[in-house]
Amino acid sequence: MGGCFSKPKPEKEVDGLSPNGKASPFADCRPNGALGHGSEEDSTPLPLYHKPRDYVEASVCHVKDLENGQMREVDLGSGRALLIKEHGEFSAMAHKCPHYGAPLVKGVLSKGHVRCPWHGACFHIATGDIEDFPGLDSLPTFQVRVEKDKVIIRANKQALQSQKRSKPMARCSAVINSNSGFSHVVIIGAGPAGLVCAETLRQEGFTDRIVLCTMDRHPPYDRPKLSKSLDNTAEQLRLRSTEFLQDHDIELLTEKEVVAVDVKTRSVTFEDGVRMEYRKLFIATGSKPKPMNYKGKEVKNVFHLRTPEDANSIARLASNKNAVIVGTSFVGMEVAAALTDKAHSVSVIGIETVPFKKALGEKVGKAIMKLFEANRVKFYMLNEVSEMVGHHGQLKEVVLKSGKVLRADVCVIGAGSVPATDFLRQSSVHVDSKGFITVNKMMQTNCDGVFAGGDVVMFPFLPRNNKRVNIPHWQMAHVHGRVAALGMMDRATEIKTVPYFWSAMFGKTIRYAGYGDGFDDVIIQGDLDELRFVAFYTRGEEVVAVASMNYDPIVSRVAEVLGSGKTIKKRDVEMLARLGKTGDISWLIDKGAQ
């Protein structure tokens, strides 16, 4: 690929106070930088275009107020910052996670980075760079100095208000012609994997053409929020605006479906017949709803929740009416929860007697099921359904074998998904019997120049001895996008991240970290009836995953321990359970520091 993937000289940030380090988000974190007592960084004069009034400076505490390994949220007058002390040195950066605004002071500080208490994203304390996902943005960092035992922070007012920053990106040096049938990089799918891939390429200095195409009509948006809050618009959910993408020379093609890939000619063909050649291809098409047989498929009030328009229609049709949810997936259950304060009735028809049984275990599943029942949600089994009856293009009712009739003014199918890879069936890209694309550690397929990531792949997972697995998490898709981008630039990077997902229902959040597939035991600490618990999932003698409600930041702490390569033994968890030390994470802190 010649020089088009070479890295130019790094761009200088406008702030000058938030250096953009290059520590890999999947390698061991660098120790705290030179932001300590009177470092050279602190004494660097401001560029001439900075105005003193753009900055605020404040004494925030005594030097002895913080012990090593402690964090404190401090007020600078024009905004708040996170003050950190590690290895005797102070650092300061934005105090909110740019993903969903979690207070980082409640997160986990370890080995030069802070892990978000809500969803596990990591940020380097010296640079503010995002080192693990989810999320797209990094954090601004601020100057810290010590004078007469007082800790003083100097910060840009705008950075204090925004609480986030984007990494510098290269621009495209090629002459862009949108009618051209050639792109150096074509990315199919504008979800987190595709978007992170495009942004990583630009962050790492790629200066040729990038085309990001999607079947959707909208710029990239936060799909997990669709099922949790049905009233959001695409504008409210957007991850990046069209202006942002244009500013960084990432071409977005909306409502463009790829129907074929030809690896011999290195080209993709769109549904409208347009053909585009590529040098590198990244496939991140995600999943599609699992097909389900029922009468009257053309009815207008049955939905597979895929778009903001779907979510808005579901909310509108369910208002004071009767809603039926088919399937007890996380999406289906989140929709059911979201409809309870809108609909007259909500009925859930599941394949299993207990929701989430396979993912979270029967005990946790039953506890969550009780929460739904307390909110007037009725549960039925799919094998109890006799027929779904439609009339004049509308589903009207679901008839059970017992004769009971469930009114259905709106129906949502949430019975699982399958990879959206049908367009690859005639290509040379290897797809397994279930439709998943197999990739190596760099997210590369069996075909030269073709990479894939997100829900569609089976990839080698280090904690399972590089066994190929499919982990359809929003967070994991971000990781795949970055690894694939680095792979395209011949910078092989191993995935060291710990899978992390979350689900929100009735104002309560389940957090989960690890890979618990095939767990053989669950150790519960806390009170399931009160939905204040920690569940440790074990295989043999090791903890492989953890889930919790109302015990932050224990899931992020477990992710930190597992991410450091340490193991958590089943016997340790069982001992704490016997001692009644629910939520005591001091032993995990010690383990993580080893």
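Okay, housekeeping. The model is predicted, so local features need pLDDT of at least 70 and side-chain atom pairs count only at 80 or more, while totals for chains, interfaces and linings use all residues. Numbering starts from 1 along each chain as its sequence is written, and side-chain values use heavy atoms, with hydrogens and water left out.

Cavities, then. A cavity here is a set of points on a 1 Å grid over the protein atoms alone where a 1.4 Å probe fits but cannot get out, and lining residues have an atom within 4 Å of a point. Volume is the space filled by probe spheres set on the points, with points joined across faces, edges and corners. There are two cavities of 30 Å³ or more.

Where does the largest cavity lie? Between domain 1 (55–162) and domain 2 (182–288 + 420–489), because both give residues to its lining; those bounds come from an automatic or database domain assignment. Among the lining residues are Phe133, Lys167, Glu199 and Arg482. Helix H3 (residues 192–203) gives the largest share of that lining, four residues. Helices (H or I, at least four residues) and strands (E, at least two) are DSSP runs, numbered from the N terminus.

The second largest cavity holds about 80 Å³ of space, and its lining includes Lys441, Phe461 and Glu494.

Now the sheets. Strands pair if DSSP finds at least two bridges between them. S31 is joined to strand S32 (residues 508–514) by six bridges, and Tyr500 sits opposite Ala513 in S32. Contact means heavy atoms within 4.5 Å; axes are lines fitted to C-alpha atoms, for helices over the stretch in contact, and angles run from 0 to 180 degrees between N-to-C directions.

The other open sheet is parallel, also with five strands, in the order S18-S25-S19-S20-S21. Strand S20 (residues 345–350) pairs with S21 over five bridges, and Gly350 stands opposite Met381 in S21. Helix H7 (residues 330–339) packs on this sheet, its direction making about 165 degrees with that of strand S19 (322–326).

Technical notes:
1 Å grid on protein atoms, 1.4 Å probe; cavity = no way out; pocket = protein on both sides within 12 Å on 5 of 7 lines; lining within 4 Å.
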